[in-house]
Amino acid sequence: CALPISADADVNASTFYRYPPLLAITFRPLAAFLPFEAAAWLWEAITLGAFALTLRIVAPRPGFLRAMGILAFPIAWSLALGQAQVVVTWLTALASPFAVALAGQLKLFPALVAVYFLGIRDWRWLRRFAGWSLALIVVQVLLEPRGVVDFLAVTNLEQVGQINNLSVYAVSPLLWAAASGVAAVVTLRLAPTRYGWLAASTFAVVTTPRLLAYQIGR
């Protein structure tokens, strides 16, 4: 479960956890039935598999190789660490209500991709997204009620640890709020165009108040 953390916390420590409980719940079978090394290798295999599946989705698109070159560092970093961000990227690339809802319950901000369907007025998709999100929240409450309470207690805009934050929030919270509002409007306007999903995915990344280099790969 999530624990109270201070601004000088070590974000690299094994005790540092600030995600929704669902990610920890997902890891439970690995921790319960496998030794650490076997669990780590299995998770790395899952991460690489998710990356390969993401490539199958995005590779046919124009500019794919150029984008891969630009994002090579954050992608390689995420793969080397077995970052859950790789799985989240695959889920958002699937572009289904359940996949985006699941991504949003593993890490919060990927849920903002749903703004795309608001922009194209796909109310059926939004209802299904909301339904899956609610169902996943209920699962977490049932399986980890204390973790849900702790997660809500530590979910705020406080910057924790000594990090190289690339978000506008690091410059000014007010500027971040204004920029996020502008980005939301631009995303909604671009939604009906060929750039709609790209705009929504970018919006979900750049609006996080804690933006690290590896997240840009999403």
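**Chat about a predicted helical model**

Modeller: Let's start at Thr92, which sits in helix α5. Keep in mind that this is a predicted model.

Colleague: Is Thr92 buried or exposed?

Modeller: Thr92 is buried, as its relative accessible area is 5% and the cut-off for buried is under 20%.

Colleague: And what does Thr92 touch, leaving out residues up to four places away in sequence?

Modeller: Thr92 touches Ala103, Pro110, Val113 and Trp197.

Colleague: What about the rest of α5, how many of its residues are buried?

Modeller: Nine of the eleven residues in α5 are buried, so the helix is mostly covered. Besides Thr92, the buried ones include Gln85, Thr89 and Leu91.

Colleague: What covers them?

Modeller: The cover over the buried residues of α5 includes α1, α2, α4, α6 and α11. One more detail there: just after α5, Ala95 has a positive phi of about 60°.

Colleague: You mentioned α6. How many of its residues are buried?

Modeller: Nine of its ten, which leaves α6 mostly covered. Among the buried ones are Pro97, Val100, Gln105 and Leu106. The buried residues of α6 pack against α1, α5, α8 and α11.

Colleague: OK, the core next. Which residues of the largest nonpolar core touch the most other members?

Modeller: Leu91, Leu106 and Trp125, out of 33 residues in that core. At least two core residues come from each of α1, α2, α4, α5, α6, α7, α8 and α11. The largest share is from α6, with six residues.

Colleague: Why would nonpolar side chains gather like that?

Modeller: In soluble globular proteins, nonpolar side chains tend to be buried together.

Colleague: Back to Trp125. What does it touch, not counting residues up to four places away?

Modeller: The contacts of Trp125 are Ala95, Ser96, Pro97, Val100, Ala114 and Phe117. Trp125 also belongs to an aromatic cluster with Tyr116, Phe117, Phe129 and Trp197.

Colleague: How many aromatic pairs does the structure hold?

Modeller: There are nine. In one of them, the ring centres of Tyr116 and Trp197 are 5.3 Å apart with the planes at 85°, so that pair is edge-to-face.

Colleague: Which parts does the Tyr116 and Trp197 pair tie together?

Modeller: Tyr116 is in helix α7 and Trp197 in helix α11, so the pair links parts that are 81 residues apart in sequence. Tyr116 and Trp197 are both buried. Tyr169 and Trp176 also make an edge-to-face pair, because their ring centres lie 5.3 Å apart and their planes are at 85°. Tyr169 is buried, as is Trp176.

Colleague: Switching topic: how many salt bridges are there?

Modeller: The structure holds two. One joins the side chains of Glu144 and Arg28, at 2.1 Å from N to O. Glu144 lies in the loop between α8 and α9, while Arg28 lies in helix α1, so this bridge ties together parts 116 residues apart in sequence.

Colleague: Last thing, the confidence. What is the mean pLDDT of the protein?

Modeller: The mean is 84, and 87% of the residues reach 70 or more.

Colleague: Where is pLDDT below 50?

Modeller: Over residues 1-9. That stretch has 23 contacts in the model beyond near neighbours in sequence.

Colleague: How should I read coordinates where pLDDT is low?

Modeller: Where pLDDT is low, the predicted coordinates should not be read in detail.

Technical notes: Residues numbered from 1 in each chain as written. Predicted model: local features only at pLDDT ≥ 70, side-chain atom pairs only at ≥ 80, totals over all residues. Heavy atoms only, no water. Core = buried A, V, L, I, M, F, W, Y, C linked by side-chain atoms within 4.5 Å. Buried < 20%, exposed > 50% of the residue type's maximum accessible area, 1.4 Å probe, protein only. Helix = DSSP H or I, 4+ residues; strand = E, 2+ residues; numbered from the N terminus. Contact = heavy atoms within 4.5 Å. Phe/Tyr/Trp six-rings, centres within 6.5 Å; stacked < 30°, edge-to-face > 60°. Salt bridge = Lys/Arg side-chain N within 4 Å of Asp/Glu carboxyl O. pLDDT = per-residue confidence, 0-100.
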